[in-house]
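Biologist: Could you take me through this model? I would like to begin with the strands and then move on to the packing and the backbone.

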Amino acid sequence: MITARPSVTRVRPYVPGTPSGHADTSLASNESALGTSRTVRAAVAAAAANAHRYPDSLADELRDALAAEHGVDPDQILIGNGSDELIFLLAWAYIADGGRVVCADPPYRLDEISTVVTGGQLIKVPLVGWTHDLDAMAEIEAEIAHIVNPHNPTGTLRSRAEIERFVEHCRADLVVIDEAYIDFADDPGAVTAMPLAAAGQAAVLRTFSKLHGLAGLRIGYLVADREIVATLRRVRTPFSVNVLSQAAAVAAVRDHDYQHTARQLTRHHRARLTQLLTEAGYRVVPSQANFVLVVTDEPALIARLNEHGISVRPGSSLGLPGTVRISVPSESGLHRLEEILKNTTAPPTNPRSASNASC
Ligand SMILES: *Cc1c(COP(=O)(O)O)cnc(C)c1O
């Protein structure tokens, strides 16, 4: 009987969010509350005629559009099958067989899984006040430092100045800043680390899964120094980004109306969701993402919402027991929540139920 490598046996498997059966009440996976853009649907339908052909290996049309948008050279961009693929490529290229990764505790789960399964060593630094403890992380010697900004699962943000100081002083060889949720921040331009990536001083990860609403098509990208992109190209499988996803992403980049509406709707609904929960007596971590983290009796709130057909993400599956992560819903999802919360009294928060409860 064949046995898996010890690093594979050691990893704590990823537990995906459970969909509720309806988009308006599926609040477990931070999907777009706006649905799929019409122009994206048309682009995917048109591209289906080319399904018999291999995709463009490097997705040149998309790369050129993104290079223009971010003011970087196309050779500084690598498109991946979701940013999750790019996180794995980084691990294969720089971490496998004993490399070190420093990340937050709790980390984004893929940062943890990619490190452990490739035989790397993961150093987790507890959050302070629900945010990355950049000072403590900077002291750790590592090949890669993963910063998620805004962080998942807390929704908290570090400023551009804080990130710049970290990149300058940290002991890691490469800082990877995952900006999956940056577009939902109140002022993305002021906080993004893209200027650092453009200068080759850090790597920035972006995804089409959140703002652009393409989670089901699996496409994201990395911006970094040319050398890093060239290295990752040696590791990747050549056709990981399919024909339909490339066409969808090109249409999505040009669909400024959808982006604008998604940004505005998310910020507006995030404020209403926070207010609803706060008025019902729940403690909510202030969020700059398209979800909020509630500090509460985790099983009780999940059971209450599930009972009414709403699925949310258990904090314990994300490394934060005693919390519940709720994605920013559509208008009708918000109404459903309002109805339920009107008739619910929040239980008193157990101060020991979450690791950061005192912050
Ligand atoms: C959702 C999310 C992503 C997106 O991953 P894809 O593979 O592009 O869908 C990346 N990083 C974080 C922290 C996320 O929460």
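Predicted model: local features only at pLDDT ≥ 70, side-chain atom pairs only at ≥ 80, totals over all residues.

Biologist: What is the bridge partner of Val-102 in β5?

Modeller: In β5, Val-102 has Ala-145 as its bridge partner.

Biologist: How many bridges join β3 to β4, and do the strands run parallel or antiparallel?

Modeller: Strand β3, residues 100-105, and strand β4, residues 121-126, are joined by six bridges and run parallel. Strand β5, residues 142-148, also runs parallel to β3, with two bridges joining them.

Biologist: Which helix makes a β-α-β unit with β3 and β4?

Modeller: That is α5, residues 109-117, and the unit it makes with β3 and β4 is right-handed.

Biologist: How do β11 and β12 run, parallel or antiparallel?

Modeller: They run antiparallel, with two bridges between β11 (residues 311-314) and β12 (residues 323-327). Arg-313 has Arg-325 in β12 as its bridge partner.

Biologist: Now the packing. Which residues touch the most other members of the largest nonpolar core?

Modeller: Leu-62, Ile-79, Phe-166 and Phe-208 do, in a core of 45 residues. Helix α11, residues 243-254, supplies the largest share of this core, with six residues. Apart from this core lies another one of 22 residues, including Ile-87, Val-101, Val-176 and Leu-205.

Biologist: And what does Phe-208 touch?

Modeller: Leaving aside residues up to four places away in sequence, its contacts include Leu-62, Leu-66, Leu-214, Ile-219 and Tyr-221. Ala-249, Ala-252 and Val-253 are also among the residues that Phe-208 touches.

Biologist: On to the backbone. Which peptide bond has omega near 5°?

Modeller: The bond from Asp-105 to Pro-106, which is cis.

Biologist: Where is Pro-153, and is the bond from Asn-152 cis or trans?

Modeller: The bond from Asn-152 to Pro-153 is cis, with omega near 20°. Pro-153 lies in the loop between β5 and α7 (160-169).

Biologist: What is phi of Asp-97?

Modeller: Phi is near 65° for Asp-97, a positive value in a residue that is not glycine. Asp-97 lies in the loop between α4 (82-94) and β3.

Biologist: Is Asp-97 buried or exposed?

Modeller: Asp-97 is exposed, at a relative accessible area of 74%.

Biologist: What about Trp-130, buried or exposed?

Modeller: Trp-130 counts as buried, because its relative accessibility is 5% and the cut-off for buried is under 20%. Trp-130 also has a positive phi, about 70°, although it is not a glycine. Its place is the loop between β4 and α6 (134-138).

Note on methods:
Residues numbered from 1 in each chain as written. Heavy atoms only, no water. Pairing = 2+ DSSP bridges. Helix = DSSP H or I, 4+ residues; strand = E, 2+ residues; numbered from the N terminus. Right-handed = clockwise from strand over helix to strand, strands pointing away. Core = buried A, V, L, I, M, F, W, Y, C linked by side-chain atoms within 4.5 Å. Buried < 20%, exposed > 50% of the residue type's maximum accessible area, 1.4 Å probe, protein only. Contact = heavy atoms within 4.5 Å.
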